[in-house]
There are 2 protein chains.
Amino acid sequence: MPPVTFTLQKKDRNTGARLGLLQTPHGTVKTPVFMPVGTQATVKTMTPEEVAEVGAEIILANTYHLYLRPGADVVREAGGLHKFMHWERPILTDSGGFQVFSLAGLREISDDGVTFRSHLDGSTHFMGPKESMAVQEALGSDIAMAFDECVAYPAGREEVEAGVKRTSRWAEICLEVHQREDQAVFGIIQGGVFPDLRRRSAREITALDFPGYGIGGLSVGEPKELMYSVLDELQEYLPENKPRYLMGVGSPDCLIEGVKRGVDMFDCVLPTRIARNGTVMTTYGKLVVRNAAYARDFRPLDPECACYTCRNYTRAYIRHLLKAGEILGLRLTTIHNLYFLLKLMERIRRAIEANDLEAMAAEFYAKYNSGKI
Amino acid sequence: MPPVTFTLQKKDRNTGARLGLLQTPHGTVKTPVFMPVGTQATVKTMTPEEVAEVGAEIILANTYHLYLRPGADVVREAGGLHKFMHWERPILTDSGGFQVFSLAGLREISDDGVTFRSHLDGSTHFMGPKESMAVQEALGSDIAMAFDECVAYPAGREEVEAGVKRTSRWAEICLEVHQREDQAVFGIIQGGVFPDLRRRSAREITALDFPGYGIGGLSVGEPKELMYSVLDELQEYLPENKPRYLMGVGSPDCLIEGVKRGVDMFDCVLPTRIARNGTVMTTYGKLVVRNAAYARDFRPLDPECACYTCRNYTRAYIRHLLKAGEILGLRLTTIHNLYFLLKLMERIRRAIEANDLEAMAAEFYAKYNSGKI
């Protein structure tokens, strides 16, 4: 029995949306799912109990960050990442590829991997498919991601093609060296915004028969329409019985549009990051609660929300906390934003179940874009 | 029926320690009590539910800070401080005196009060007994403190004497102008480390028959022995049936020694502040969990502690969080330190009940000073 299996439960009649169950060694996840990001072995500002309370069933942690600090060996000695961070539900780790390729000017790429300098202390390190697998096995996540080359946007065809080639070669190596039987490895499809390169990458990566597939190299600065067209393009090239994970995507509209195009899994720092900057997502659109307009606004962030923050605190109080630099402010906005997105995913799943996704999406957009905050 | 009453339940046979109940409009507090500090309408890093869970029955908030931001009118419009910050248990507000007198170079003192400049934006403000009462009435705390002059340490006799005089005059004004019937005003005794000035201040302030008395101007830099001798001196001058509040004190030894000298209430930023610097109090003394020595230490902060932090996290993980600048690290150390102090207070109360305070204190000191972390 493979460690991670996916059961496709239902396909939407009118869109590409799918309903599924992702079984992992640490429990089952209902898809489509949004995974909050716990970069450094913590979802910023939150306890694991709070992450569970807002409705998260699986989180993502970052291989690059944990490799540098506290070090994969510390996490292994602690008994693995779940135990280290006191989170008993599923964890997916990224490969570190996205991060090391993002270190512009601090890296050197070869066919074996990437030599890079730590953003923490400037020390030199090397990471390739073997190293990434070793680190992720030490972390002990439920799902490890293959080490890929994520090319920046915009990039020329040649560069993207070279990335596709390397990504395919590295995917093979990842499968060869990976050993843990309680951990799955998902492949990653690259190819930028070139339809034929996307198709080629999809063919090559799916030929390796991974238990799931990441769609990488999107949400890196390209227009949303371009991202959607790549997703449209990819649908027929991805096996139906495997989960599809659109990496780095987390705005409400991209979640809805991704789901319509067959995506089962998402992750993004967006909800937690904008929360810490004082911006929250509400039924009626984004609200910058730091603004002076809310100094005497004694309504909850979102009157239609039932999260801990909205049940107990006002905009005026949260604004005060943020202006005063108080940590509780960051906690309250983070709780709200994650709850908001995870409730949206729940609503999406119910709508797929009821063959009602398009109507649900139209209703959501009508309010979200109304500006009637 | 006055809004706040104190019931002396028991006096220790061997020391000056007392067991009591402080009744307030928002509930009853068992004394001796330690009050966590919520300077800006939040106990830093914590939700009110967490503050209650670590065992706090009453918290302190700061008049000076809340007057400047968000402003007393905002808090009043919110329905008062309890509602504003979602804390339904008792609140004591300080008078703002300590803060405005601490703004060296930014203030000018007259017999009416203090002209000072905001530490936030340099704007000029005036606060005296009338203004302090008005702000505290707007905040709606259960216990307001009279506006006093807190003289720095060391200070000459004349300066301290002038402070005692002003404090007495201002105490009268506070009682004259105060109106809220659901809020008590406690007087504050000054007098520095001069026994006769302390006696004089105690006589003058207690003659006004406040429902409780703060002991101010201590823990401002003087040796602990000097503080203890002032407390010894004061005991016979303070009415037995009124609570005694030693302001700004919160180290374990000072709590124990204060209780032995008849103190019923304490507050201090110490446990929460050192927590955010990575220092925790344990059964076996202080532990600087940021230190490299704990990078692979998979024990809880304090193996004898049952707090949320110690039940679920290791020193290695907490160190990682602190090194990585993660907010959860600050939350976990804060929870632990407050739990530790509030458990100590519980233990002290049980020991007084059992006429066992001296043995309990000896046992506590033996471990706490052993260095066997």
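Which residue of chain B meets the side chain of A:D73 in a salt bridge? The partner is B:R296, and the nitrogen and oxygen atoms of the pair are 2.6 Å apart. The model is a predicted one.

**The interface**

Across the interface of chain B and chain A, the rule finds eight salt bridges. For polar contacts across the interface of chain B and chain A, the count is 22 residue pairs, with both residues at pLDDT 80 or more. The elements of chain B that give two or more residues to the side touching chain A are α1 (48-53), α3 (72-77), α4 (81-85), α12 (308-312), α13 (315-323) and α14 (327-353). Among these elements, α13(B) gives the largest share, five residues. By type, the residues on this side of chain B divide into 20 nonpolar, seven polar and 10 charged.

In terms of extent, 37 residues of chain B are in contact with 37 residues of chain A. The area buried between chain B and chain A is about 3300 Å², and carbon and sulfur atoms give 56% of that area.

A further salt bridge is formed by B:R331 and A:E50, whose closest N and O atoms are 2.9 Å apart. Because B:R331 lies in helix α14 of chain B and A:E50 in helix α1 (residues 48-53) of chain A, this pair joins two chains. Over all chains, the count of salt bridges comes to 52.

**Symmetry**

How are the two chains placed relative to one another? Chain B is superposed on chain A by a rotation of 180° with 0.0 Å of shift along its axis, and the RMSD is 0.0 Å. The two copies are therefore related as by a two-fold rotation axis. Of the residues of chain B, B:I327 comes closest to this axis, with its C-alpha at 3.8 Å. Of the interface residues of chain B, 100% are also interface residues in chain A, so the copies meet through the same surface.

**Aromatic pairs**

Over all chains, the count of aromatic pairs comes to 24 by the rule used. One of them is formed by A:F147 and A:W170: the ring centres are 5.1 Å apart and the planes stand at 45°, so the pair is tilted. A:F147 lies in the loop between β10 (143-145) and α7 (157-177) of chain A, while A:W170 lies in helix α7 of chain A, so the pair ties together parts that are 23 residues apart in sequence.

**Backbone features of chain A**

Most residues other than glycine have a negative phi, and most peptide bonds are trans.

| Peptide bond | Form | Omega |
|---|---|---|
| A:T31 to A:P32 | cis | near 0° |
| A:R69 to A:P70 | cis | near 10° |

A:P32 is in the loop between β3 (27-31) and β4 (33-35) of chain A. A:P70 is found in the loop between α2 (63-68) and α3 (72-77) of chain A.

Where in chain A is A:H86? This residue sits in the loop between α4 (81-85) and β6 (91-93). A:H86 is not a glycine, yet has a positive phi of about 65°.

Notes
Residues are numbered from 1 along each chain as its sequence is written. Chains are lettered from A and ligands numbered from 1 in the order in which they are written. This is a predicted model: local features need pLDDT of at least 70, side-chain atom pairs count only at pLDDT 80 or more; totals for chains, interfaces and linings use all residues. Side-chain values use heavy atoms; hydrogens and water are left out. Contact means heavy atoms within 4.5 Å. Buried area is the accessible area (1.4 Å probe) that two parts lose on being put together, summed over both. A salt bridge is a side-chain nitrogen of Lys or Arg within 4 Å of a carboxyl oxygen of Asp or Glu. A polar contact is a pair of N or O atoms within 3.5 Å; within protein, one must be able to donate a hydrogen and the other to accept it, and residues adjacent in sequence count only if both atoms are side-chain atoms. Helices (H or I, at least four residues) and strands (E, at least two) are DSSP runs, numbered from the N terminus. Ala, Val, Leu, Ile, Met, Phe, Trp, Tyr, Cys and Pro count as nonpolar, Asp, Glu, Lys and Arg as charged, and the others, Gly among them, as polar. Copies are superposed by least squares on the C-alpha atoms of residues with pLDDT of at least 70 in both. Rings of Phe, Tyr and Trp (its six-membered ring) pair if their centres lie within 6.5 Å; planes under 30 degrees apart count as stacked, over 60 as edge-to-face and the rest as tilted.
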